[in-house]
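Q: I am new to this structure and would like to learn how to read the surroundings of a ligand, a pocket and the backbone. Could you take me through them in turn?

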Amino acid sequence: MLLGAIADDLTGATDLALMLSREGMRTIQTIGVPKTDLDLSDVDAVVVALKSRTNPAAEAVAMSLEALSFLQTAGAKQFLFKYCSTFDSSPAGNIGPVTEALMQALHTDLTIVCPAFPANGRTIYKGHLFVGDQLLSDSPMRNHPLTPMTDSSLVRLMAGQSQLKVGLVTRETVGQGATAVAEAFDAARSKGEEALVVDALTDADLRVIGEAAGGLTLITGGSGIALGLPANFRRTGLLHPAGDQVAFAAPSGRSMILAGSCSEATRGQIRTAIDAGVPTLKLDPIVIAEGRFPVEDALSWALNQSARAPLIYSSAEPDEVKAAQSALGRERAGSLIEHFLAEIALGLRAAGVNRLIVAGGETSGAVVGALAPDALFIGPEIDPGVPWTLTLGQTEPMALALKSGNFGAPDFFLKAWDILP
Ligand code: ADP
């Protein structure tokens, strides 16, 4: 195990795990700190997904330290604290306090702060974070319900959230290459600076910074900062050559698709599947709420299909969703469907279905919560941002693809199966 990462939310953890996997690291993502022993002998990177972004700072610190201690025991040689590329936090934290606590626990005197993610328009210049063409503080993030960002100076934000002495490495230095950046780290260290905001405008900048950060015990940033890290391990012979990855050992067995997302993209994917002859069962939240369609009925429908991968969905057009919400309440309609689909997933697993696509972010959260794997091994990417994963833990492995609503091409539900071995 080479790289141990702590992510402050689930989708951010997946982002990072995918980034590392694309760069050739065999990566697993754990859901919280795993309760059982995992075999990490074939693993290069572990990303622990926490849900600590908006918790009280002391709680986030405690969760992060527990994750750190798991990663240390697992043998990680370098650590990464991953947060959102829009630096989602409040004056009380949690990015500052968690960084500070991790530095203390690791006995390290210098780290970097680099949430840049140029592919998504997040860049840093003179220490200011931009979202597209706007300063963070002018972007829609200023009105975020939980973490409104009204300052774009990462130096000020970091200094405000921690006791750390914060410095800046500007784009001019980054433009001079990894040696110049590493020298800037040394110079800052000798001035007593502890957390360095580093400018980055492009992926090439992130690779330069990653190379310069090879010697740092702790790195903090968005998933972009991971771009340059695998190459460091490869250069020192610790990581196998790129392309030399273990095969994705998907179990062979029955396949199913569950969709609870009502996004336009998912509805289009369902239409494409229906047009291609995929058998489908549409769930009606009101009928379910009235107890007229139990989970068993959905399961027996699913298990009686002979097609490759039948589809059960609750996805509906906006007016149908509104009707269900006004009959049941928004929250209740949502959680009823999530719970129902999660129960179906459990029933399917018990009946031997071991390849499953789930559409919808919250829906995926509910299904993964019910299946409760200790970790997900990141496999091949079906469409940008959506990999096949393999569940690890006490139960038989399952191939799972968790698709957030808006992701994926129209033929996602058809082609996803073709890339499984
Ligand atoms: P997305 O990733 O597209 O946002 P999510 O799964 O995160 O999808 O959110 C969809 C929400 O809508 C879930 O809470 C789900 O239970 C709920 N939902 C699904 N189908 C219906 C429906 N027919 N009526 C009302 N709510 C629904």
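A: Let us begin with classes: Ala, Val, Leu, Ile, Met, Phe, Trp, Tyr, Cys and Pro count as nonpolar, Asp, Glu, Lys and Arg as charged, and the others, Gly among them, as polar. By these classes, the shell around the ligand holds seven nonpolar, 10 polar and two charged residues. The model is predicted, so that local features need pLDDT of at least 70 and side-chain atom pairs count only at pLDDT 80 or more, while totals for chains, interfaces and linings use all residues. Residues are numbered from 1 along each chain as its sequence is written, and side-chain values use heavy atoms, with hydrogens and water left out.

Q: Which residues come nearest to the ligand?
A: A residue is near a molecule if one of its heavy atoms lies within 4 Å of it. Of the 19 residues around the ligand, the nearest are Ser261, Gly334, Glu338, Glu362 and Thr363.

Q: Which side-chain atom of threonine 363 lies 2.6 Å from an oxygen atom of the ligand?
A: A polar contact is a pair of N or O atoms within 3.5 Å. For threonine 363 it is a polar side-chain atom that lies 2.6 Å from a ligand oxygen, and for serine 261 a side-chain N or O atom is 2.7 Å from an oxygen atom of the ligand. In glycine 405, a backbone N or O atom lies 2.8 Å from a ligand oxygen. Taken alone the ligand exposes 580 Å², of which the protein buries 81%, with areas from the Shrake-Rupley method and a 1.4 Å probe.

Q: Which pocket does the ligand take up?
A: Rolling a probe the size of a water molecule over the atoms shows where empty space is left. On a 1 Å grid over the protein atoms alone, a pocket is an open set of points where a 1.4 Å probe fits, with protein on both sides within 12 Å along at least five of seven lines, and lining residues have an atom within 4 Å of a point. The ligand takes the space of the second largest pocket, which is lined by 29 residues. Helix H13 (330-350) gives the largest share of this lining, seven residues.

Q: What is the peptide bond from glycine 93 to asparagine 94, cis or trans?
A: Most residues other than glycine have a negative phi, and most peptide bonds are trans. The bond from glycine 93 to asparagine 94 is cis, with omega near 15°. Lysine 126 has a positive phi, near 50°.

Terms used: A polar contact is a pair of N or O atoms within 3.5 Å; within protein, one must be able to donate a hydrogen and the other to accept it, and residues adjacent in sequence count only if both atoms are side-chain atoms. A molecule sits in a cavity or pocket if more than half of its atoms lie within 2 Å of its grid points. Helices (H or I, at least four residues) and strands (E, at least two) are DSSP runs, numbered from the N terminus.
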